[in-house]
Amino acid sequence: MVHRFAVIGAVLFFWGLSRGLAATSMTASTPVTIAGTSANSTPAIGTIQPTVTAEMGDRGGRFFGQIPDPAKTRHYYIAAEPELWNFAPEGMDPICDRILPPNVILNRVSWKIRYVQYADADFTARVLPEPRLGILGPVLRATKGEYIAVTFLNRGWLPLSMHPHGVKYDKDSEGSYYKPNPGLGSAVAPGAKFTYVWQVDAAAAPGPNEPSSKAWLYHSHVTGDEEANLGLIGLIVVTDPARARPDGTPNDVDREMAVLFKIFDESNSQGEAVEDPDDAPVRPSPPAGPVKRTWAEVQQIAEEAERHSINGLIFGNLGGLEMNQGERVRWYTVGLGSEKDFHVAHWHAMRVQSGQTTTDVVELLPGSMKVADMVADVPGAWLLHCHVAEHMTEGMFARFTVYPTEKPGAPSQPEARFFGMPQSLQTLKFKTVELTERPPGVAPASGLAREELFLDGEVTVPDPLPVARTQFQVELAGQHFDFKPDASGLSAGQDGLLLIKNISPYGNGNVRGGTLQFELTLKGAKLREALAMKNDSAGNGSQAGSGSARTTASHSASVHLQIGSARHTAIIAITDAPAH
Ligand SMILES: [Cu+2]
């Protein structure tokens, strides 16, 4: 599996590299060429010489020469990874209930590079993404006085970096390439790693007259805006410790939201005019020859290639903006882009406090970072949109939902309400865990197994994952359950059943998007063994049962899921449930 993944990576890389070169040759004014492609030993003017290569290893991890105090350092593991990004995964506009404009329908999927978070330094198990962040990278959270260390791995096709706003850094951790003496982290070569260290000093934290937390942008900044246009953007959230809970979240806020208003320029992207992204050409197309176009044609092409997005999603396709009535919701609003990126975030029905003003709009220029505080006092589904008329027409809107007090629907766990919490470092998550036991009176001939453990969950996987060529192994209390699904995503045997729920509908046996949704049923002798082990250690870490009518015991256990080279772990609470 390791080998196969490497091959996929190489294909992506080759195709991406060719794309990068094609783009370079087409736009003569772009000063970027891919380092290492010239046979000449003297780099051409404007050539980016990577400052860190894979051979050099990670030379970072210091702050002005010193290794920061580990007790005060929050360490993140972030890779830049190619991803076939869909600006409108629903394929329609669910808010206005209409089809997408023709230029979008035919070209809503393109290759991006995103910042994705890993659980640890192995860079094998990716953290489950937070849907409401869309294309944004993981939120890096810190409070005043701490350090943020980011081990960055470039899996993209060109030199990349992480350049933070607001925090304090030395030249090596600046993440931007320019003369003289670009720092070590300013151009991380494909395949290379570098650990940035940023200090969250007093100037990086909210002042006494500011809201209790604020957001800073980070983005790739080897050269210019092209890297942000690839999707390499994220946020750092800094809290004032005087107004923070013990877990570092702002204590005067119930929930956080983050929205990036940005027009993505897709005029250089290979328009994947496909309904099935799996059929997208993962290979270089021949470079287009010189085409004579009128000025009007050029303008039209440029305009049709604009994606007016909130968090990289258009026409109401951004989900997860959910809150409960009465909650104090903090919106981190940011803008990025070019001269067309002047945006006015406007919330319907709710008012926000921004700066010294109560308003319902926030103005954003490229690079703006503003906090807007809302009390979600009117239940319903409401519009959040850019108030620039053309931008709204072109799809710069989303829906946010305020659930009524009688029926709160927004999740309440801290990691769901706030970004960047340690609890959110999950790569495997179960929505349902249910142990079914055949009632004593029912005969074995009924076909019911004596015991079945049913799990419904999701786990991160490489994108794309060829399911039928992948080995899955579940480990529970020392017992191993092996599954080898077919191209329909099903694997059934005497030890249980694995069903992949989000397999591509196009019959190629792939899972796209990097998250695999599955149902897993464990049964048979191995499960009995595992449960016997569990019962032996029931006193260890058992949690409160669900209560109610039945007095059920609940035992916690570790479930490991090995997919290829990646090992995922989750703690589950096994609650005995009656058979149907
Ligand atoms: Cu706008």
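Two strands count as paired if DSSP finds at least two bridges between them. Helices (H or I, at least four residues) and strands (E, at least two) are DSSP runs, numbered from the N terminus.

Two bridges join β14 to β17, and the two run antiparallel. Pick Val 352; its bridge partner in β17 is Met 374.

**Before going further**

This is a predicted model, in which local features need pLDDT of at least 70 and side-chain atom pairs count only at pLDDT 80 or more, while totals for chains, interfaces and linings use all residues. Residues are numbered from 1 along each chain as its sequence is written.

Colour by pLDDT, the predictor's confidence in each residue, from 0 to 100. The chain mean is 84, and 81% of residues reach 70 or more. Now select residues 1-40: pLDDT is below 50 there, and the stretch has 56 contacts in the model beyond near neighbours in sequence. A contact means that the C-beta atoms of two residues, placed from the backbone, lie within 7 Å. Residues 279-287 also stay under 50, with 15 contacts beyond four places in sequence.

**The whole chain**

Switch to cartoon. The chain has seven helices and 30 strands. Of its 580 residues, 42% count as buried. Buried means 20 or more other C-beta atoms within 10 Å of a residue's own, exposed 12 or fewer, and partly exposed in between, with C-beta atoms placed from the backbone.

**A four-strand sheet**

Show β3, β8, β7 and β5. They form an open sheet in the order β3-β8-β7-β5, with mixed pairing. β3 (140-143) and β5 (163-164) are at the edges with a single partner strand each, so one side of each has no neighbour in the sheet. Zoom in on β3 and β8 (residues 233-239): they run parallel, joined by four bridges. Arg 141 stands opposite Val 237 in β8.

**The core**

Which residues have the most contacts inside the largest nonpolar core? Select Ile 148, Val 150, Leu 235, Ile 236 and Ala 258; the core has 130 residues. It lies between domain 1 (54-267 + 297-417) and domain 2 (427-575), because both give residues to it. A nonpolar core is a set of buried Ala, Val, Leu, Ile, Met, Phe, Trp, Tyr and Cys residues joined through C-beta atoms within 7 Å. Domain bounds come from an automatic or database domain assignment.

Centre on Val 150. Among the residues it touches are Tyr 76, Ile 78, Leu 140 and Met 162.

**Loops to inspect**

Go to Pro 180, in the loop between β5 and β6 (193-199). The peptide bond from Lys 179 to Pro 180 is cis, with omega near -5 degrees. Then pick Pro 464, between β21 (451-460) and β22 (465-466). The bond from Asp 463 to Pro 464 is cis, omega near 0 degrees.

Next, Phe 315, in the loop between β10 (306-310) and β11 (322-324). Its phi is near 50 degrees, a positive value in a residue other than glycine. Is Phe 315 buried or exposed? Phe 315 is buried, with 28 other C-beta atoms within 10 Å.

Finish at Asp 97, in the loop between β1 (73-86) and α2 (102-105). Its phi is positive, near 55 degrees. Asp 97 counts as exposed, because it has 8 C-beta neighbours inside 10 Å.
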